[in-house]
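Dear colleague,

I am passing on the structure below, followed by notes on what was found in it. Please read the notes with the structure open beside you.

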Amino acid sequence: MNKTERQLAITLELQRSKLVRAEDLAAQFETSVRTIYRDIQALSEAGVPIVGAPGQGYSLMEGYFLPPVSFTAEEAVALLMGADFIEQRLDEEYSPAAKAAKRKIEAILPEPVLSESTRVRETMRLLQAGESETRRKEKEYLGQVRHAILERRKIRFTYLKKMPESDGNRKNIREAAPYGLTLVQGNWMLLARCDLRQDLRHFRLSRMTELAVLEERFSMPPGFDLNRYRPPDDRNVRVVVRANPELADRIAETAHYYLEETEEREDGLRVVFRVRRPEELLRVVLGWGGDVEVLEPESFRRRILEEAENILKRY
């Protein structure tokens, strides 16, 4: 990045942020603090109204805006494909907004940049599963939950758990304070403080029914940052299997979340998984058929045998 590009980038960063320290700018643009001081001085001499607060940082004078900036073909592709993604995966409120944004971006692009960005986009495509009833319901709930988060309102819903309770029941009614939404492997997940469990829990929107936004309000915990949040890893149960080495790629693709280690031995591929409950792997292991043998725990080995015997009875 040359001096002119860096100074424009600094101005854009000052316009985006209320207050920026010289040290942070130096780290961001991989240069020295002294160079940032010189850039700030050059921008000020060129008429950019930069205000310096000793010990705090720099900011732009309130009311100052840069004229419209131009986009490279790569930047245009990033914006347009980002709008494609939002149109597909966010709720109906954002779908028309994404289409409108694409039209505005394409309208201001110079013809050479528009032609090049169109050519690049024709080589890439975002695909999603068909609009099933579950997907439509997920999008509807996404909008409701998103507004509940912004308005700090609690929600109530019936939740279908992946694994049944000891009594065999998979459904229960939850009330929760929604903190944030995350797209994980194509599925929208809600991070919320559950009143029933009195702790943070993760809920898949596609497993919710009868969602209602309540009048009751909540407060976010001080300092909570969704981008920095990392869920605790409570997968404390080891499952060990012996597999046909030719199955290695398939195991990595279908059970990568649980996979801890693999080791090739004379008698086959030894694979170790970490799970909360062995039953989480039941359908996956059965899907691998006779190419896999469960070694431990013994209780899960017996469970696989029972399921295999049940399958055999049907044929």
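Arg6 is buried, its relative accessible area being 12%, where buried stands for under 20%, exposed for over 50% and partly exposed for what lies in between, computed with a 1.4 Å probe and protein chains only. This residue sits in helix H1, residues 3-16, helices being DSSP runs (H or I) of at least four residues and strands DSSP runs (E) of at least two, numbered from the N terminus. Leaving aside residues up to four places away in sequence, Arg6 touches Met1, Phe29, Thr31, Thr35 and Asp39, a contact being heavy atoms within 4.5 Å.

Please keep in mind that this is a predicted model, in which local features need pLDDT of at least 70 and side-chain atom pairs count only at pLDDT 80 or more, while totals for chains, interfaces and linings use all residues. Residues are numbered from 1 along each chain as its sequence is written, and side-chain values use heavy atoms, with hydrogens and water left out.

**Salt bridges**

The structure holds 31 salt bridges, each defined as a side-chain nitrogen of Lys or Arg within 4 Å of a carboxyl oxygen of Asp or Glu. In one of them, the side chains of Asp84 and Arg121 meet at 2.7 Å, N to O; Asp84 belongs to helix H4 and Arg121 to helix H6, so the pair ties together parts that are 37 residues apart in sequence. Asp84 counts as buried, at 16% relative accessibility.

A further salt bridge joins Arg156 to Glu175, with 2.9 Å between the closest N and O atoms; because Arg156 lies in strand E3 (residues 153-160) and Glu175 in strand E4 (residues 171-184), this pair links parts that are 19 residues apart in sequence. Arg156 is partly exposed at 35% relative accessibility, and Glu175 is partly exposed with a relative accessible area of 25%.

**Helices H4 and H7**

Two packed helices are described by the angle between their axes and the distance between the axes. The axes of helix H4 (residues 73-89) and H7 come within 10 Å and cross at roughly 105°, the axes being lines fitted to C-alpha atoms over the stretch in contact, with angles running from 0 to 180 degrees between N-to-C directions. The contact is made by Glu87, Gln88 and Arg89 of H4 together with Arg135, Glu138, Lys139 and Leu142 of H7.

With regards
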